[in-house]
Every structure is written in structure tokens, then in C-alpha cells.
There are 2 protein chains.
Amino acid sequence: MIAIATKADGSQIQDITKNAGVFSLEEIECVSELFEEFLNLGPEHCGYNFIVERDGGRVLGYACYGPRDLTDGVFDLYWIAVDPNARRNRVGYTLLTTSEQAVREMGGRMLIIETSGTPHYEPTRKFYFSMGYEIEATIKDFYVKGDDLMIFTKRL
Amino acid sequence: MIAIATKADGSQIQDITKNAGVFSLEEIECVSELFEEFLNLGPEHCGYNFIVERDGGRVLGYACYGPRDLTDGVFDLYWIAVDPNARRNRVGYTLLTTSEQAVREMGGRMLIIETSGTPHYEPTRKFYFSMGYEIEATIKDFYVKGDDLMIFTKRL
């Protein structure tokens, strides 16, 4: 069941990020920092919304989205990750669809997802394509040399 | 003379932003917020560096830059603005050149400048072109419908 994340989900969110197999240590720490801000300041104030898909007490995956400053109706999907053992269960589909619906309800008209162009992220990119996203822009050698930024967008 | 901005420059930085003629109220407030963070937390902690070009006690223009999270050596030029009465004096050139040099000294290899694609920003875009920047990516209808994001980049 999809729900707004709570403090109790924190350690499982961190584990899922670690176990996703694509995130660097810096990225794992970044998720923790945003989650702390979400808990301490609230989504309206910090700009980060965390949702989880839960099966009983078990977190199967999470997503984090929020409005892009200085735009009228553009939102970023900052993070989405699914427990490797829960893939094939449409957890990613449910999390992303729910994020899109929440963004629409907040007046959003576009969702942006930034990701890497390396082979490692090919399943991730395929997932975004399957969800109706297109690569609208790229920046070469963005993350490090040889690792391009791919900016996926979808009009909602 | 170029210098690191101080608290005393705050009101002139705000006036220059207002008088630049291109920034919205939300953008003017954003500059103030970043400047407060810069003063209160320091650039290492908040990630925003402010420099000014001064003539005696008068601030002629300012720039704000900082590292992009999760990248290795990519920096953003968040803001650059020059007092309309001080244009033609290469203030913009000096501020941007100094920012690039500072970014290089911090290990930066790329500077990104995001700006608008509207006719209003044509002088701004011409300035970036003249400084060796290229439009590497665009996102349609980013700021509002009809106002595209132009992502300028320069390898340093």
C-alpha cells in the first residue's frame, strides 16, 4: 500500500538505497539528508515529499519528489528505488504513477527525472521510457567524465 | 575591484537584482535567501559563493556560484547581475572570468549557467556566447509555458 513515509521507514529507505546497486555513497547520504529534512521541516517547507510502498511493515520501495524552484508547475522526481527482492511486482510503476498524481494535484504540469547515461543505468532508463518519459536534454560528462546527464521529462 | 561579498553589500546586491530588469519577484527573493545563507553558514557549508565588483563603496555587480551536488567538478553560476548604469565597463566580463577562475581553483572542470529562452534574455544569452558558453541542452516550457530553459555550459 502506498503511504506518506514516516520516521519508522527511515532505516528501510536507507537499506533500499544501499541495495539498489546503482547509488554512490554520496548519493546514499544525500537521500538520508533529504529524508531528515522531510521529517524535521515537513514537505511544504523543505520541498521534498517521500512516499513508500509498504507490505505490512516492510517497505518495498520509495519515491521522493518536489517542486523545482523558480518554475511554474515543474516538479523533480529526485529519487525512486525499489527493493531488489520486490522488483517484478510493479512497485516502481505504482510509486511513479502515485508521484505523478500527487504532482498533478499540487498543480504540476511537468515531471523531470535526471539520471545517468552509463550502461549501469540502462534498466532505469528503460523503466522511464516505459512510463512515458523522453530524454529531452543531455549534458556530456556531467557526473564525471564519461558519465552523461540524461534529463527525462513527461508532461502531466 | 573584485572581492568576496560582505554583509554590507547586501542592500546593493538586492537593488542590482531589482534594477536588472529581468528578474521576477520570486527570483529577487531567492537571491536574498541565498545571500543570507552565504552570510550565516559560509560558502563551504551552504554551497553558495558571492563575489562583487566594487568601485569604492559602490557595488557595480555580483555573481553567485557553487558546486553541483553529486557531480565531480561541475559548478553552477546561479546568478550574475550588473548595475544597469555600470554596463559597458566589462563588469560582467570581470565577474564571470573571476568566477571561472575560482571554480577552477576549487577543482571545477565545467560551469553551467541556466537561463531563459525568451527575447527578454537575448542580451544575457549573447553575453554568455561571447564568454565561450554554448547551449548544450534545452527544456521546453520550463519556467512557464512558452519560456524554455537554456542550459549553457563551458568546459574550464
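Modeller: A strand here is a DSSP run of E with at least two residues, numbered from the N terminus. By that rule, B:Asp141 lies in strand β6 of chain B. The model is a predicted one.

Biologist: What makes B:Asp141 count as partly exposed?

Modeller: A residue is buried with 20 or more other C-beta atoms within 10 Å of its own, exposed with 12 or fewer, and partly exposed in between. B:Asp141 has 19 such neighbours, so it counts as partly exposed. A:Asp141 also has 19 and therefore counts as partly exposed.

Biologist: What stands out in the phi of B:Asp141?

Modeller: Its phi is positive, near 55°, in a residue other than glycine. In chain A, A:Asp141 has a positive phi of about 55° and is not a glycine either. The place of A:Asp141 is in strand β6 of chain A.

Biologist: Where in the hairpin of β2(A) and β3(A) is there a positive phi?

Modeller: At A:Gly56, with a value near 65°; this hairpin has two residues between the strands.

Biologist: How do you know that β2(A) and β3(A) pair?

Modeller: Pairing needs at least two bridges found by DSSP. Seven bridges join β2(A) to β3(A), and the two run antiparallel, so they count as a pair. A:Glu53 stands opposite A:Gly61 in β3(A). β1(A) and β2(A) meet the rule with three bridges and also run antiparallel; there, A:Ala3 stands opposite A:Val52 in β2(A). Three bridges also join β4(A) to β5(A), but these strands run parallel. A:Asp76 stands opposite A:Ile112 in β5(A).

Biologist: What is the strand order of the open sheet in chain A?

Modeller: The seven strands follow the order β1-β2-β3-β4-β5-β7-β6, with mixed pairing.

Biologist: Why are β1 and β6 of chain A said to stand at the edges?

Modeller: Each has a single partner strand, so one side of each is left without a neighbour in the sheet. From one strand to the next, the twist averages 30°. Helix α4 (residues 91–105) of chain A packs on this sheet, touching β1, β2, β3, β4 and β5 of chain A, and its direction makes about 30° with that of β3(A).

Biologist: What makes β2(A) mostly covered?

Modeller: Five of its seven residues are buried, each having at least the 20 neighbours that the term requires.

Biologist: Which residues have the most contacts inside the largest nonpolar core?

Modeller: They are A:Tyr62, A:Ala63, B:Tyr62 and B:Ala63, in a core of 82 residues. Beyond its neighbours within four places in sequence, B:Ala63 is in contact with residues including B:Ile51, B:Leu77, B:Trp79 and B:Leu95.

Biologist: How is chain B laid on chain A?

Modeller: A turn of 180° and a shift of 0.0 Å along the axis do it, with an RMSD of 0.0 Å. That is the relation of a two-fold axis. The C-alpha in chain B nearest the axis belongs to B:Ala137, 2.5 Å from it. The same surface serves both copies, as 100% of the contact residues of chain B recur in chain A.

Biologist: How many residues of chain B are in contact with chain A?

Modeller: 17 residues of chain B are in contact with 17 of chain A. In chain B, α2 (25–41), β6 (134–144) and β7 (147–155) each supply at least two residues to that side. β6(B) gives the most, seven residues. By class, the side has nine nonpolar, three polar and five charged residues.

Technical notes:
Residues numbered from 1 in each chain as written. Chains lettered and ligands numbered in written order. Predicted model: local features only at pLDDT ≥ 70, side-chain atom pairs only at ≥ 80, totals over all residues. Least-squares fit on C-alpha atoms with pLDDT ≥ 70 in both. Contact = placed C-beta atoms within 7 Å. Helix = DSSP H or I, 4+ residues; strand = E, 2+ residues; numbered from the N terminus. Nonpolar A, V, L, I, M, F, W, Y, C, P; charged D, E, K, R; others polar. Core = buried A, V, L, I, M, F, W, Y, C linked by C-beta atoms within 7 Å. Axes fitted to C-alpha atoms, helices over the stretch in contact; angles between N-to-C directions.
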